[in-house]
Amino acid sequence: YFDLELVVYRVGFGFNFFFFFFQAEDGIRDAQESRGLGDVYKRQVLGCGNATFSEDMHAAGFEQVTNVDISRVCIEKMRARDALAGRHMRWEVMDVCALGFESNEFDVVIDKAVSYTHLTLPTKRIV
C-alpha cells in the first residue's frame, strides 16, 4: 500500500503528515539541553515517509539523523534526494515492530506517523 501510494500520488513531493519540523524544533532542542548532550547526539525519525521533516532538521543543525520507513520505494527516493542535496543522513527500510538497532543507540526518537498508521490499519496490531 505505502509503496503504491508513493509511486502513484507523491513522487517528488515532500508530504509532511501531522506536523512540520518547526513545530517540534523547540521540544527537540529542550530534550538535547536537558540531557546535557551538547551539539552531538543521535536522532531517529520513525515513519519518516517522504516528508521534509528530516531535511529541515538537518538544515537546522541536527546532522546525525537516522530515518526509518517500511516503504522501500520511499527510502530509495529519500536517499537519492538526500545525496543530491549533499546531505549525509542515514536511511533504513525497517518495520518499527522489528527494528534492527542496538538498545539505547539513539538519544532522541521521533514518531513521525507510525502510531497513527498502526492505529488506523485494521491488519496491524501494536505490540
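Is Arg29 buried, partly exposed or exposed? Select Arg29 to begin: this residue is partly exposed, with a relative accessible area of 29%. Here, buried means under 20% relative accessible area and exposed means over 50%, with partly exposed in between (1.4 Å probe, protein chains only).

Before you go on, note that this is a predicted model, in which local features need pLDDT of at least 70 and side-chain atom pairs count only at pLDDT 80 or more, while totals for chains, interfaces and linings use all residues. Residues are numbered from 1 along each chain as its sequence is written, and side-chain values use heavy atoms, with hydrogens and water left out.

**Stop 1: helix α2**

A salt bridge is a side-chain nitrogen of Lys or Arg within 4 Å of a carboxyl oxygen of Asp or Glu. Side chains of opposite charge can pair when their charged atoms come close. Both residues sit in helix α2 (residues 21-34), 4 residues apart, which is about one turn of the helix. Helices (H or I, at least four residues) and strands (E, at least two) are DSSP runs, numbered from the N terminus. Glu25 is partly exposed, at 21% relative accessibility.

**Stop 2: helix α4**

Now select Glu76 and Arg72. They form a salt bridge whose closest N and O atoms are 3.1 Å apart. Within helix α4, the two are 4 residues apart, or about one helical turn. Glu76 is partly exposed at 42% relative accessibility, and Arg72 is partly exposed at 43%.

**Stop 3: from helix α4 to helix α3**

Next, pick Arg81 and Glu55, a salt bridge with its closest N and O atoms 2.7 Å apart. Arg81 lies in helix α4 (residues 72-84) and Glu55 in helix α3 (residues 53-59), so this pair ties together parts that are 26 residues apart in sequence. Arg81 is partly exposed at 23% relative accessibility, whereas Glu55 is buried at 10%. In the whole structure, a search finds 7 salt bridges.

**Stop 4: the cysteines**

How many disulfides does the structure hold? The count is 0, where a disulfide is a pair of cysteine sulfur atoms within 2.5 Å. Select Cys74 and Cys48: the sulfur of Cys74 has its closest cysteine sulfur in Cys48, but at 5.0 Å that is too far for a bond. Cys74 is buried, at 1% relative accessibility. Finish at Cys97, which is partly exposed at 45%.
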